[in-house]
Amino acid sequence: MQSVARKPNVLWISFEDCLPLYGCYGDKIARTPAVDRLALEGCIYPNAFSTAPICAPARAAVITGMYPTSIGAHHMRTTRGKAYDAPVPHYAKCLGEYFRGEGYYCTNNVKTDYQFEPPFAAWDDCSNTAHWRNRPDPATPFFAVFNPEYTHESGMWEEQRTWPFNYIVPSLKETTDPDSVEVPPYFPDTPRVRSSIARNYDNMALCDQVMEALLGQLEEDGLADNTIVVHWSDHGPMPRGKRHPYDQGIHSPMIIRWPGVVEPGTTSDRLVSTVDLGPTMLSACGITVPPHMQGRAFLGAQTAPEREYVHASVDRSDADNDMVRAVRDRTYKYIKNCFPEKPYLLWNAFRNRHPIMQEWYRCWMEGTLNETQSIMFAEKRPVEELYDTRTDPWEVHNLAEDDRYQEVLDRMREELDTWQEETRDLGLLDEKVMKSIHYPDGDKPVCTEARCLVFSADSYGEERAPDAFSLPRRHRLQLFSPTQGCSICFTLDQGDQRLHGSTPPATGEEPALPHASAVLEAPPAEGSWELYKAPICLPAGSHRLRTVVSRIGYHDSLETTFEITVIQE
């Protein structure tokens, strides 16, 4: 059996709003030496695509392993304005909870944006100082996520922005020449557009420096050989990409380095979705992939059959209500516009601050756009769009009405219908109805506080323990909350002992009960919390056991404290 110390670590480095415009992907002007090095030491997945071309829905899929349309996370910004957490099913949890349950130290630095507030159990540390180096025991395996935000869409604005990510502060050594960039054919080719695209390359260079520093720290710590490094992004950064399911919105970089397992310098043509990331990491680390996860593992013992299609969705983005669905295979992209009476460019204040968008509008009003550049300003949309992405990578020639592609159109249309039915697409449900089901009283529900149940020679968990009580040496404590789908975290105040599931008892101690009860082992780090998994046993002495109950879409419970004395026999 593999020891805890040899479980593979996992390091995710996600560049926000980032297309794979890297040297290793063939881009001639990119300055991405760290990304390119990672590719040389790992595998590139050029057919990787996001589930949504906008931040929060896409990130909800990554962190849960489920499509945003299946968990009520498809409308962009549920936690602001309309103010509700996505009504995630009770059986779905954040990815970090599965790792924490297997003894991993889990950190996120620092962006979440999951369409719900991260529950208490999601991370050991979610802050702008979160790092694997902060784990209490250096032998503990880790799942660490870093999200440098320099490539965010707003990083292309002309005003200077500040960023919450500050663990590593990069600096530009050179800037990109605007005359060297490629301008997509649907944009007007003006100095302002070129300058914005050049700035995007500069932002990628900043993120690349963050990656370089993180990979260097991994090597300094002697962890590179036992760490799976994954680079990905949530979606693209520019108008007609972000908020639209064209490849410029959903084509995600995907590079994985896994020494000794993934062959260095390789490329996989496997079709991959970002919803596959969670189950793939669990599979790679030998953790059971929960059956509700809709993503497909593409590494590890639980590798699933290859995909034939990937799927993407667009719904409300801030204030603009929409419903677009897309399906793609290795060649064709099919898009269904559920509101063909609406224009492509619905009003969006955030998007309209983008200099490319402003320049595009200016040229449109001046009447200087050509036919391709004018497509997005049509008063109405077609119900269906079909593109051959190999011959038309910019997706500007709609083949949906071309009889030569009728068989492809029928196949893609049927696939989309099947996917919507099988995944229970909640976009078919009015948002107000969805919210009212989740919040029947109009307020976010609260997790019920944990109860402590005692098992000993004369007590079998039939009654809830009081806030303070004594125990014989031979006992087990079970924590319970009636909140469906909840997780319970617990800690012992500094100076007491930490709990580890499945740890063998010391010589002379009470043997563990069947089914892996937990026993005490070592003093905890101050402020650390354990994820409750199985009945626990405390050593002789006085203890203060504190608990918090959490679940996605719920307020965390109030902290419950139990004063416990274990009698020395």
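Okay, let's start with a pair of strands: strand 13, residues 332–337, runs antiparallel to strand 14, and five bridges join the two. One of the residues to look for is Lys-333, whose bridge partner in strand 14 is Tyr-387. Before I go on, please keep in mind that this is a predicted model.

So where does that pair sit?

Next up, helix 7. This one covers residues 355–366, so to speak a run of 12 residues, and it reaches 16 Å from first C-alpha to last, close to the 16 Å expected at 1.5 Å a residue.

Which residues of helix 7 are buried? Pro-355, Ile-356, Met-357, Glu-359, Trp-360 and Cys-363 are. As for what covers them, that includes helix 4, residues 191–220, and helix 8, residues 371–374.

Let's stay with helix 4 for a moment. Its axis and that of helix 7 come within 9 Å and cross at roughly 165 degrees. With angles over 145 counting as roughly antiparallel, that makes helix 4 roughly antiparallel to helix 7. The crossing is left-handed. On the helix 4 side, the contact is made by Arg-192, Val-193, Ser-196 and Ile-197; on the helix 7 side, by Pro-355, Ile-356, Gln-358 and Glu-359. Two of those names, Pro-355 and Glu-359, also came up among the buried residues.

Last stop: Thr-565, which you'll find in strand 25, residues 560–566. Is Thr-565 buried or partly exposed? Its relative accessibility is 32%, so Thr-565 counts as partly exposed. Leaving aside neighbours within four places in sequence, Thr-565 is in contact with Phe-469, Ser-470, Leu-471, Gly-541 and Ser-542. And have a look at His-543 too: it's 22 residues from Thr-565 in sequence, while their C-alphas are 6.2 Å apart in space.

Notes:
Residues numbered from 1 in each chain as written. Predicted model: local features only at pLDDT ≥ 70, side-chain atom pairs only at ≥ 80, totals over all residues. Heavy atoms only, no water. Helix = DSSP H or I, 4+ residues; strand = E, 2+ residues; numbered from the N terminus. Expected span 1.5 Å × (residues − 1). Buried < 20%, exposed > 50% of the residue type's maximum accessible area, 1.4 Å probe, protein only. Contact = heavy atoms within 4.5 Å. Pairing = 2+ DSSP bridges. Axes fitted to C-alpha atoms, helices over the stretch in contact; angles between N-to-C directions. Parallel < 35°, antiparallel > 145°, perpendicular 65-115°, else oblique. Left-handed = near helix turned anticlockwise from the far one by under 90°.
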